[in-house]
Amino acid sequence: MNILVCLKQVPDSNKVEVDPVTGVLKRNGVESKMNPYDLFALETALRIREKCGGTITALTMGPGQAAGVIREAFAMGADHGVLISDRKFGGADVLATSYTISQGIKKSGEFDLILCGKQTTDGDTAQVGPEVAEWLKLPSLSNVSKIIEMKAHSLVVEMDMTHDLEVAEIKYPCLLAVDKDIFVPRLPSYIKKQETKDREIKVLSLEDMEDREEKHYGLNGSPTQVQKIFPPQSNTRRETWSGDGKELTDQLYHKLKELKFA
C-alpha cells in the first residue's frame, strides 16, 4: 500500500508571541515542531504499513526549514519526503493551501491512502484535509479515532463526533483526517536519524506543478485573509468572600448583577 502523510511545522505553542503592531504571529527565531495531530497520522501510517506492507511518503508545505519535520518523519520510519516550497505559496489561506498541497500530491505519485491530522495547533480550522480530498476528488472521513478493520479494498473506521461515535467503511483511494490518541506515536529513532540524514527530500516549486497559474496560489489564490491575531487577556483579579450560605448567595448575586450577567 502506498501511503502519503501530510505534515506541518508549527510554532511551539508555549512560545508563540503576537506582534502588537501587525497582529501576526512572530515566527522568526521561534522554535518549531511537528504539528501534534500529524504525529498521530504518521503513527497510523506506520501501523498500517506494518500490517499491509508498502511505502510511506511524508509531505509538507513551507519554507526550507520545514524540511525538519520530514527529517523527523524519516527518523520515525517514513520512506520518502516531499517539501512544497516557493515564495509564491506564501500567505495562503486554507483554500489556497489545500489546493497547493493537492497539486504537490499529484506530482508525487499515486497513493492508496492519504493521512493527515484532524487540525493544526496554529490554525485550528480542521479544513485543509477535507479540502485536499475535494481537490483530488477522493472520498474522505474526518475525526477518525480508531481503525477497526483493514480490508483488501477498504478501511472500516470509527469517528468521534463529539456526541456520538460513528462507524463507516471507506474504499481506497481515500483520505483520512485522524484525531488524537488513535495510536500512541513512537519516538524518533537515533539510528534511523543517522541512517537517513543524507536521504534526499524532493522539493517542489510552482514550476513543478501541473497548474502554474500564480493567481491560484498564495495570497493571490486566497479569498480570505486573517486581519489580526491577538493573545487572550489575562485577568488575575480575585475576591475572597466569607459568611454563611445566604450571605454568600447574596454577594454572588450582586456581583453577577454588577458584571451584567444577571
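Predicted model: local features only at pLDDT ≥ 70, side-chain atom pairs only at ≥ 80, totals over all residues.
The largest nonpolar core has 37 residues. Val5, Leu115, Val144 and Leu176 are the residues with the most contacts inside this core. Leaving aside residues up to four places away in sequence, valine 5 touches Ala41, Leu42, Ala45, Ile56, Thr57, Ala58, Leu59 and Leu115. There is also a second, separate core of 23 residues. Met61, Val82, Phe111 and Leu206 are among its members.

The salt bridges come next. Across the whole structure, 11 are found. In one of these, the side chains of glutamate 50 and arginine 186 meet, with an N to O distance of 3.0 Å. Glutamate 50 belongs to helix 1 (residues 36-52), while arginine 186 sits in the loop between strand 10 and helix 5, so this pair ties together parts that are 136 residues apart in sequence. Glutamate 50 is exposed, because its relative accessible area is 51%, where exposed means over 50%. Arginine 186 has a relative accessibility of 29% and therefore counts as partly exposed.

Another salt bridge joins the side chains of lysine 88 and glutamate 214, at 3.2 Å from N to O. This pair also links distant parts of the chain, 126 residues apart. Lysine 88 is in the loop between strand 5 (80-84) and helix 3, and glutamate 214 is in the loop between strand 11 (202-204) and helix 6. Both partners count as partly exposed: lysine 88 has a relative accessibility of 39%, and glutamate 214 has one of 38%.

Lysine 255 forms a salt bridge with glutamate 258, and their closest N and O atoms are 3.4 Å apart. These two residues both lie in helix 6, three residues apart, which is about one turn of the helix. Lysine 255 counts as buried at 15% relative accessibility, whereas glutamate 258 counts as exposed at 53%. Elsewhere, salt bridges with shared partners join Glu43, Arg47, Glu50 and Arg186 into one network.

Helix 6 itself covers residues 245-258, 14 residues in number. From its first C-alpha to its last it reaches 20 Å, close to the 20 Å expected at 1.5 Å a residue. At the start of helix 6, a side-chain oxygen of aspartate 244 comes to within 3.2 Å of the backbone nitrogen of lysine 246. Lysine 260, which follows the helix, has a positive phi, near 65°.

Positive phi values also occur at two further residues. Asparagine 143, a residue other than glycine, has a phi near 60°, and its place is in strand 7 (residues 140-150). Aspartate 181 has a positive phi near 70° and lies in the loop between strand 10 and helix 5 (190-195). The relative accessible area of aspartate 181 is 58%, so this residue is exposed.

A cis peptide bond runs from tyrosine 172 to proline 173, with omega near -10°. Proline 173 is in the loop between strand 9 (165-171) and strand 10 (174-178).

Glutamate 110 counts as exposed because its relative accessibility is 75%.

Note on methods: Residues numbered from 1 in each chain as written. Heavy atoms only, no water. Core = buried A, V, L, I, M, F, W, Y, C linked by side-chain atoms within 4.5 Å. Buried < 20%, exposed > 50% of the residue type's maximum accessible area, 1.4 Å probe, protein only. Contact = heavy atoms within 4.5 Å. Helix = DSSP H or I, 4+ residues; strand = E, 2+ residues; numbered from the N terminus. Expected span 1.5 Å × (residues − 1). Polar contact = N/O pair within 3.5 Å; in protein donor to acceptor, adjacent residues only side chain to side chain. Salt bridge = Lys/Arg side-chain N within 4 Å of Asp/Glu carboxyl O.
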